[in-house]
Structure formats: structure tokens, C-alpha cells
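This briefing is meant for a reader who is new to the structure shown below. Please look over the sequence and the model before going through the points.

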Amino acid sequence: MSESDKIQETIAYLRNRISVLEYTLGSIKSQQMLDSARYRLEILQAAEQDPTLQKEIEQMQETILHLNSISNKCQSLERSLNEQKSLFETICAEKERLEIALNEQKSLFETICAEKERLEIALNEQKSLFETICAEKERLEIALNEQKSLFETIRTERDLMANSTSWKITSIFRRITDLTRRAAKKILPRRSVVNYKKHPVITFLCIFQIHKLIKWFFPKWYYARKARFVEQEFSSGVLSGYFEAEGWRKRKDNCNYWPLITIIVPNYNHAPFLKERLDSIYNQTYRNFEVLLMDDVSKDNSVEILKDYAARYSDRTKLLLNDTNSGSPFAQWRKGLEHASGELIWIAESDDYCELNFLEKMIPNFAEPSVMLSFARSIFVKNGEEVWHIEEYLQSDMFASGSFFMTADRCVKEYFSRLNIIPNVSSCIFRKPQTLKLLEDSEWNRMKVCGDWVFYLHLIRGGAIAYTAETTNYYRQHDSNTSISQHSQDRYYQEHQIVREHLAENYVIPEESQQFLKNTMREFWKLNRDDYSDHSFGLIFDDNKLRKCAAGKKPAIGILCYAFSTGGGEKVPIILANALKRNGNTVTFVNCGGEEDNPDVRSMLDRDIPLVNLDWKWENFYSIMEEYGIDCVHSHHASVDFAAAVNLPSHIAHIVTTHGMYETIPENYLVSNLKTLIDSVNIWLYIADKNLDVIKKYVPVRNNFLKTFNAVIPPESVRSRDDVRKELGINSDDFMISVVSRGIPEKGWQEALDAVKKVRMETKRNVRLVFVGNGPEYERMKNISCDFADFVGFSSDIYSYFSAADLALLPSRFKGESFPLVVLEAFAVGTPVIATDIGEFRNMLTTPDGLAGEIIPIHDWQLDIDELKDAILRFINDEAFYQQRKVCVQMAKEYFSINNFVSEHEKFYAQAIQRVKEKQ
């Protein structure tokens, strides 16, 4: 026990003693009473002659003796009291002195701790800086040694080449090339394109420069030099703002991410290349994969080879053989995706091959949850020889710095809208799409030249793309699959126009990039066909059609959630994002990181939705919105609403859904932030009339306040009723009631338990109660000895518990209740609901034919147990009533459909964006 605690205990004891002494002293008569008794005694002694008074005199004498004794005790007690008071005052003074000393010590300790923390931070910064400098020094030394070695090699080879006969023979061509360049600058107008048919000699000499001649005479030396590729650091040259190169590299290198990847191998008549292809797959250093071997009715012995490998690796292989030829590689892609179980997909073309570390180097890129696609370096091979490399083929500065990470919006605007930067599907891995409407597009399925380009553009929407130079894919070219043979055909140019249309429908493309692709096709036409005219070219490359496509572009939506935590306000953003994505919208999901993530809630978000983790670092929010090309932000939590409003770029629309949280915010905090929100939020969505009551107190409600509803995505499947009941030990003929909510007192868990206790006393049915959810009430009640109640805790499979139940119960008295999803989740599997009359419960349950359950009144925010009991008994005892309520459940389910929900929100986003445009 500390010194301070001992002093406090002593003071308490003295206070108690003083109270006892004061009470005793107060119960005794004053000194005057004693004197009066003595005086009376003297009178009585003077009257001794009166025998009748003798007895009274004796009694008085006894009384005086007793009073004398008490008086002495009082005087003793009074002295003791004074001593105790003096001691008490001394102790109080000492206590005050010690408290002052203690506060001084605390202040000194806090100062020392703060200084210690500051010094530790400074020390860590110095250590980090020192480590960075050491690493950079080591890297530079390695690079310097490589450069020295390379310089010596080049100098040696230069000397050998300079002395060679072929170098001397080609010297005249080098001289001619130099003279031709100088002549071309004077003869030809600036920025003109040479038509090789009009200037064949100039074209030949300009195009085939000295490095081409070297390629002819020294192919091995040339390709050896081109193949040399020094692995470099991730560069900040293609990153900005939030995306720091070093941070991305650390996330990638330190990731603990081992997803299942499905490798789709579509084959048609590639028997000569199959073994090399399959060996490069099955011998990958990354082992968590499955393989789908597919054949489209090949005419060679491909099927025999595929069956052999399927038998050899039967533990991880499925063999899918077509009965009839599909006529399209994309039909095979679609079939493979339908059978894929992996989170990631690799379409490994049957005639290509790769390095054995291909998956090992590629998969860590997906540890960044916004990466939708990653591709590797490609080398083009033909007849066993390397002919091109991706850097040479694309001639783009995006590969100048090695591996990189870039948002899809930026990549498309600067590179992907100009050319297909992924020349071969075997070089890329992508997240498995939950739904991709493009797969059902008949026009896309007929494409021969640019179909893969369009496919990539749809896959990466709203997310990011990564490139790694640490591994290589080898793309085998044949005379039959080169696009050069297509250059003279109409279809080649028509498909490039289709690419432009898909770009316009899904991205905001700069005019410069639009014209770049168009002008490139114009020059291809002129070089490869004899029938060019502005009219014929304009019939294919129709800019008016392009403008119509751009006008119909759906906005890129940024859905913000407070955290991956339990609660309707956190689940609605996930449901909305999933539904929007499945309906073909561009969606980026931002987890603001308000609290620690719940993995089960995180799993509710479709894996093909790009996810950005903000980690509550709002200083990065502006650049994130810009980098991902967001058109409209939708927030669902008051703290997120406020932070987003302050940090959002002015040209991005902002929508807020209240979810009833504003009713629970302290007044001083609400008033200080509402004005900012009212001025910056373009559209307010509320789901219950009461949501507006608190806002109306402080700010005027304008025409941008719109009422909406919530919805849920019906499950594709649920566990069977018998399986769930068997797990819980509930018989098939028992009446099962499910309570699904957060485990807090206001959600009525105790009231539900008390009501069911009474129900069981008044019915012959065995009534069972199942609680699903976590929180304080779950922790308090889970150990209760109750033979009719089960406490499941948190579960992401609440549909199964509703489906197994005969009745759903929501006896909430939570003041923030608005439009709870659990009601809709019960409707989704056809279960009636008993709910209290708060929020929008009554409107949710009301249908033209009656209630989809029952409504219980609330009395001064308290629930009458007997009213709840009677409502439950009616569902148990009246079968006709129960079946009529189930019919109403189906009507409510149709009204609150996910399709209606998505359509309404798409209109809201369009309105919000239009309001922003009007302001500007």
C-alpha cells in the first residue's frame, strides 16, 4: 500500500471517531442540568425531617453520582476529541504536502517520458536514415561494378567488332544513314510521315538504321545485348502522392500472401509445344495452384498429351475437353473462369512458356488489394529464336524504370489508351471476376485482334496494375498468328474502333490519347492499303459515335466505409459496392481504417473489387481520389462524412447516407461540423424520417435530401435447415426463433429471453431461441444456464440461421435504429419478422396485403414483455395467420430487391455529378 493510501485510511478512521464522540457528547445533558440536580438535592437534604421525601433524596443522590460519572467521561472524551482533531489537522497538512510533492514527481516523470519518447523517435529516424544510406550505398556500389563490367565487355566487343570484316563492310551504310537523316530534315516538312510508296529510298534508309544492319549481320550479339536487363528498384517516376515507391516495395517484399491461383491452359492444335508449356507450369516454384487443361477439339495428338499430364498431376488438375469446336478463344476463357476455384487467374496459352519463378515473382503484387492485374516482361520468340522484347516492341517510357505500380485510371490515360501494353495474355495474372458482362458480349466474342485489349480494360477498372521485370514470359509467334497479316483487312481497323468505344464508355480519355490511336490507325491504313480516303477512314473511325459512348459512361464510384466491422452502417457499403460492380459499374472501395478489421466482414466484399486501405491517413485521401479517377464518393459513417468533406477534391461529387448515426452524436460536435457538410455534400440520403429530425434543428433541409432504402444481395445458397438445426441440437418440429444483431442491451436480447420463457409456459411446442452476434450482451449471457437458448456469437452465415428459423425477432429499443439489414436478410430467405415500432420497421414490414410479420409498440423506450410474448404465441398457435404473413414476406422481398436498390443509387450518383458540374 502506498503512503498516500495509508494517509487516506488514517483520515477516514479519525473522521469516524470524531463522529462517535460528538454523538455521545450531544446525548448528555448540559452542566446546568447537573448543577440543577445538586441544588435540588440540597433542598431535599434540608427537608430531612420529612420522611416522605427520604426515598426521593436517595434516588437523587444516585442520579448525581451517575451524572458526575458521565460528566467526567464527557470531559475525558472532549479532551480526546481535541487531541484527535489536532492529529487530523496535522495529517491533513502532511497529506497536502505529500500530494504537492507527488504532483511534482508526476510532472517530472511525464517530462522525462516525453523527452525519452522524443529521443527514441529521433534515434529511430537516425537509424532508418543510416540504414537507407547504407542500402543506397550498397546498391550504388553494385550498380557501379556492373557498369564497370559492362563497360569493359562493350569495349572489348567494340574492339573485336571494329576489327571485323562485317563492320568494315557496313561502314558505308552508316555513313549513308547519317547523310540521309540530314537530307530528310531539309527535304521533308517537320512532323510529316513519310509514305514509303512515294519515297521508298528515303523510307528504307530512315527506317532500317544501323542497329537494324547490326541485327542482320550479328543476330546473336544483338539479341544478347537486348536480352540484358538490369533489375532496378521500383521507381517513383510512375507513382505520385500516396503511392510511394519504397512503401510499395516493402509491402510487396514483406507480404504473407499465398492465394490459390487457377491456371487455365486453353489448347488447339499445339501438340508440338505442349510439353514445354506444361513443364513450365507444373514445375513452378510457387505451389498453391490448380490447373485446368482444356482442348477445343484439336486435330493433332494434343488430347493424349493433356491426358498424360492430367493423370501425372491428378491432385491439382482438371481436364475439360470440348465435344465441338467453340470457334473462339474467348469462349474457352469463359469456360475456364466458370470452373476456376482460385482467387487469381492465369491464362497460360498452350504454345507459350515462362521462367519457373513466374508465379513466385508475380503473385506478391496482389498483396496490394487494389491491384487487379499484374504482368511480366515478355520476349517474343519465333522458330526457336528471340526476335522482340517488350521494351523494344512497345517503345514506351513506362518500362524505363523496371517494375512499377500504377492506378488503372492513370495507366489508361497515359499508355493503355494508345496501345495494348500487354501483348500476350500468358504474361499476366488477374483477379477472378465475380461477374463480367463483357464475357456475354457477342461482339467481343467475335473479335480476333483486339479482344484481349478490351478484356484487360474491363478487368482493371477502378483498381491498379502492376508490372514486374523480375521474371519473363516467352510469347511464341507463328506466321498464322501475327497481326501483320491483319493490317490490310477491314476487321483490323474496326476492332481498334471498338477499343476506342470501350475506352470512352469506361474511362475519361484525354483528347490527345484519343487522337493518337486514331492517327496511328490512319498511318497503318496508308502504309498497308491502297484505298485510303478521309471518307472511308471516317466511316470506321467515327468520332460522333465515340462522343455518344462517352456520354453514356457510368461514373467511377468510390465507396467509403468506416472499417470492416460489424453493424449495418458498415455492411451496407459492402453490399452496395458488390451490387454496383456486378451491375457493370466502376467501383473502388476505400476502407478508412476507423478500427481493427474483422476478417469475416472483410470476406463479404467481392475479391474483384479494388480495395484501398486508407489507415485513417486523411492527408492521403485527396491524392487517392485523383489517382484512381473517382467521379463520386459515397460515405456511410458520420466521422468519415466529415473527414471526406474536408479532404475531397472540389470536382468530385459527394453523397452521404446517414444510417441513423447523426441522432447519437453529441450536440456540440454535431453543430460544429454540420455546416461544413451541408455546404460540401451534394446529396444526402436518409433511410428513416427520424434521420432528418436532428439535422433540422441546426441547418435547413434542402432539396438535396432524398429518401432511400437499404437492400441485401440474396445468397446463392444457404446451408440446409436440417444441417443448421442438427448443429444446434434443435429438432425439425421445434419452433425456432432467431435473434440476429449486435449484442448490446438496447437490441433487446434480455427481453427476447424473458418473453420466450413465458411463451414456453403457455404452449406445448418446444420453442428454441438462437442468438447470433457478438458484443457485451453476448459475453454476459453466453454462460447462462438455459436449456432453450443458444448463443452462436458472430457469424457471416446469418442467412442460414434465418432460413432454419420459423421466426426472426428484433426486439430493439436502440434509438439510432433506422433501416436494419437483418430484416431484409430474413425476408431474403422467406422468414417473417417480429420487430418493435421504431425507425422504419413498420414501413419495412408493410405490404399491400398486410404485415410481413408483426410490430410491437415501444413505451417510453421500453418493451412490454407480455406484448412480445402474445405476438410470438400467435405465430405459433395460428397456422393460417403464419402462412399469410409468409406471403407478405415474399412481397416485401420483391420491393426491396437489389436491382431496385442499384438503379436508384445510379440515379443519385448521376444527380450528384450534375450538381458538381453546375457549380463549376
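The points below go from the whole chain to its sheets, helices and aromatic side chains.

The model is predicted. Its chain holds 36 helices and 27 strands. Of the 920 residues, 49% count as buried. Among the contacts in the chain with a separation of 6 or more, 75% join residues 24 or more positions apart.

**Strand 6 and its partners**

- Strand 6 pairs with strand 10, residues 464–476, in the parallel sense, over 10 bridges. In this pairing Arg377 stands opposite Thr472 of strand 10.
- Strand 9, residues 428–431, runs antiparallel to strand 6 and is joined to it by 3 bridges. Phe375 has Cys428 in strand 9 as its bridge partner.
- Strand 7, residues 385–389, also runs antiparallel to strand 6, with 4 bridges between the two. Here Val381 stands opposite Glu386 of strand 7.
- Strand 6 and strand 7 form a hairpin with 2 residues between the strands, and in this hairpin Asn383 takes a positive phi near 55°.

- An open sheet with parallel pairing is formed by 7 strands in the order 13-12-11-14-15-16-17.
- Its edge strands are strand 13 (611–613) and strand 17 (705–707), and each of them pairs on one side only.
- Neighbouring strands of this sheet are turned against each other by 25° on average, direction ignored.
- Within this order, strand 15 (residues 653–657) and strand 16 (residues 683–686) pair in the parallel sense over 3 bridges. Thr657 stands opposite Leu685 in strand 16.

- Another open sheet has 6 strands in the order 20-19-18-21-22-25, with parallel pairing.
- Strand 20 (789–793) and strand 25 (853–856) are its edge strands, each pairing on one side only.
- From one strand to the next, the twist averages 20°.
- Val833 stands opposite Gly853 in strand 25.
- Helix 29 (residues 749–761) lies across strand 18 (735–740), strand 19 (767–772), strand 20 and strand 21 (807–810). The direction of helix 29 is at about 170° to strand 19.

**A covered helix**

- Helix 32, residues 821–828, is mostly covered, with 8 of its 8 residues buried.
- The buried residues of helix 32 include Leu821, Val822, Glu825 and Phe827.
- Gly830 follows helix 32 and has a positive phi, near 80°.

**Two helix pairs**

- Two packed helices are described by the angle between their axes and the distance between those axes.
- Helix 18 (residues 490–506) packs against helix 19 (residues 511–528) at an angle of about 180°, with the axes 11 Å apart. Helix 18 is therefore roughly antiparallel to helix 19.
- On the helix 18 side of this contact are Tyr492, Tyr493, His496 and Arg500. They meet Gln514, Leu517, Lys518, Met521, Phe524, Trp525 and Asn528 in helix 19.
- Helix 34 (residues 865–877) packs against helix 35 (residues 879–895) at an angle of about 100°, with the axes 5 Å apart. Helix 34 and helix 35 are therefore roughly perpendicular to each other.
- In this pair, Arg874, Phe875 and Asn877 of helix 34 meet Glu879, Phe881, Tyr882 and Arg885 of helix 35.

**Aromatic side chains**

- The whole structure contains 41 aromatic pairs.
- One aromatic cluster is made up of Phe330, Trp333, Phe416, Phe430, Trp444, Phe455 and Tyr456.
- Arg719 has its charged end over the ring of Tyr801, 5.6 Å from the ring's centre.
- Arg742 lies over the face of Phe814, at 5.5 Å from the ring centre.

Definitions and conventions: Residues numbered from 1 in each chain as written. Predicted model: local features only at pLDDT ≥ 70, side-chain atom pairs only at ≥ 80, totals over all residues. Heavy atoms only, no water. Pairing = 2+ DSSP bridges. Phe/Tyr/Trp six-rings, centres within 6.5 Å; stacked < 30°, edge-to-face > 60°. Lys NZ or Arg CZ within 6 Å of the ring centre and 35° of its normal. Axes fitted to C-alpha atoms, helices over the stretch in contact; angles between N-to-C directions. Contact = heavy atoms within 4.5 Å. Buried < 20%, exposed > 50% of the residue type's maximum accessible area, 1.4 Å probe, protein only. Parallel < 35°, antiparallel > 145°, perpendicular 65-115°, else oblique.
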